[in-house]
Amino acid sequence: MHDIDTVTAATIEKAAERLAGVVTRTPLEPSARLSARVDARVWVKREDLQTVRSYKIRGAYNFIVQLDEPTRELGVVCASAGNHAQGVAYACRRLGANGRVYVPGTTPRQKRERIATLGGPHIEVIVVGETYEDAFAAANEDAQRTGATLVPAFDDVRTVAGQGTVALEVVEQLGFVPDVVVVPVGGGGLLAGVGSWLRERHPGVRIVGVEPAGAACLAAALAAGHPVRLPELDSFVDGAAVREAGAVTYPLIRESGAELTAVAEGAVCTEMLAMYQSDGIIAEPAGALAAAALGTVVDVEPGQTVVCLISGGNNDVSRYSEILERSLMHEGLKHYFLVGFPQEPGALRRFLEQVLGPEDDITRFEYVKRTNREMGPALVGVEIARSSDLPGLLARMDASPLQVERIEPGSPLFHFLL
């Protein structure tokens, strides 16, 4: 078993030795697009190109490889719907250990199959419940009943030390010390590891952690002085949607002096699309967190050397329609209305001619219900060319004889209809 109770630069450097030849030394690439955005020299650390398409293999392998033989023979278990499970599966296969991965029923089939493929005969994938909490409860019960070891996704010194090896690689690859390192944050394992190594070896580096606005568990912990459970959670940035910061990661991050900020989920979607269209990078939502923050909620000085960590690329392509929708709404280009159309010839034509602008586009049109013989409400989605076109559209709607109700994002009606 391990003999450390905290994370230091030395434990992270020992973890790097264990990981040599096991994990991919992922590229550190200059980003012309991000550099132009902030007038600085921006590099991206491509953990989306890691062995299991995320950095999670680092912590999972560093944890499991340190288990002694009798402990490893009892097996390992974990709960995850994505990257951590894939890291555990790969580590088990590599080390010849047997493991069970508990996933919620909402986990897409392709992810379950990917976990099974990576683990081969060494991994059993067990579907239980509908939420991560259900899966975690089952994994914890399994560990207590069988003596198997529960492999934490972030809240263990061995996991944190493994994740921290990313920082060591960045400095070695760069050949000098960057001015700023921007890190995505879920439960805090990556930020705790990166922050611990930089604070000790290169204390002058500015470290910035970026959380999803709808899952800012670390900010809540820092405000309360201890980890607290978020009452509500937006699970869109699934790789970083954690309800409570770790008891191990929280103090390490607090002591590292890292700054903390949050990015709206819509901004993450806009960055994902830019990465795909401009850079040819397929990032998952959590993988785009750091880059999305740059130049929006994270400002840097001109000419500084900045490193953004792209934490993973396990994105389900079926989500791109939702990603585009969220991005357009965040940019103020997509809007929804309930429009009451009189049941008479020419009503729709008048709406098109008198209300819509020359560059406005109807992207959704469906009758919600017919209330009576005279009036029929319809759900209308309108995409505008520029966010500055909205006041004109709203003014034309107010001036028309039609009954129009705007559906505000975040309202109960919005969530019900969309």
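Visitor: Before we start, where do the domain bounds come from?
Guide: The domain bounds come from an automatic or database domain assignment. Keep in mind that this is a predicted model.

Visitor: OK, what are the domains, then?
Guide: Domain 1 takes in 9–55 + 156–323, domain 2 covers 76–147, and domain 3 runs over 332–417.

Visitor: How far apart are the C-alpha centres of domain 2 and domain 3?
Guide: Those of domain 2 and domain 3 are 46 Å apart.

Visitor: Switching to packing: which residues touch the most other members of the largest nonpolar core?
Guide: Leu191, Val194, Trp197, Leu198 and Leu309 do, in a core of 41 residues. At least two residues each come from H1 (9–19), H8 (157–174), S7 (180–184), H9 (189–201), H10 (217–224), H11 (249–256) and S10 (305–310).

Visitor: Which of those gives the most?
Guide: Helix H8, with nine residues.

Visitor: And what is Val194 in contact with, leaving aside neighbours within four places in sequence?
Guide: Gln163, Gly164, Ala167, Val181, Val183 and Leu309. There's also another core lying apart from the largest one, with 36 residues, including Val42, Val210, Met275 and Ala286.

Visitor: New topic. At what angle do the axes of H1 and H3 cross?
Guide: Roughly 95°, and the axes come within 10 Å; H3 spans residues 56–64. Angles of 65 to 115 degrees count as roughly perpendicular, so that's how H1 and H3 are described.

Visitor: Which residues make the contact?
Guide: H1 brings Ala15, Arg18 and Leu19, while H3 brings Arg58, Tyr61 and Asn62.

Visitor: How do they divide into nonpolar, polar and charged?
Guide: The H1–H3 contact has three nonpolar residues, one polar and two charged.

Definitions and conventions: Residues numbered from 1 in each chain as written. Predicted model: local features only at pLDDT ≥ 70, side-chain atom pairs only at ≥ 80, totals over all residues. Heavy atoms only, no water. Core = buried A, V, L, I, M, F, W, Y, C linked by side-chain atoms within 4.5 Å. Buried < 20%, exposed > 50% of the residue type's maximum accessible area, 1.4 Å probe, protein only. Helix = DSSP H or I, 4+ residues; strand = E, 2+ residues; numbered from the N terminus. Contact = heavy atoms within 4.5 Å. Axes fitted to C-alpha atoms, helices over the stretch in contact; angles between N-to-C directions. Parallel < 35°, antiparallel > 145°, perpendicular 65-115°, else oblique. Nonpolar A, V, L, I, M, F, W, Y, C, P; charged D, E, K, R; others polar.
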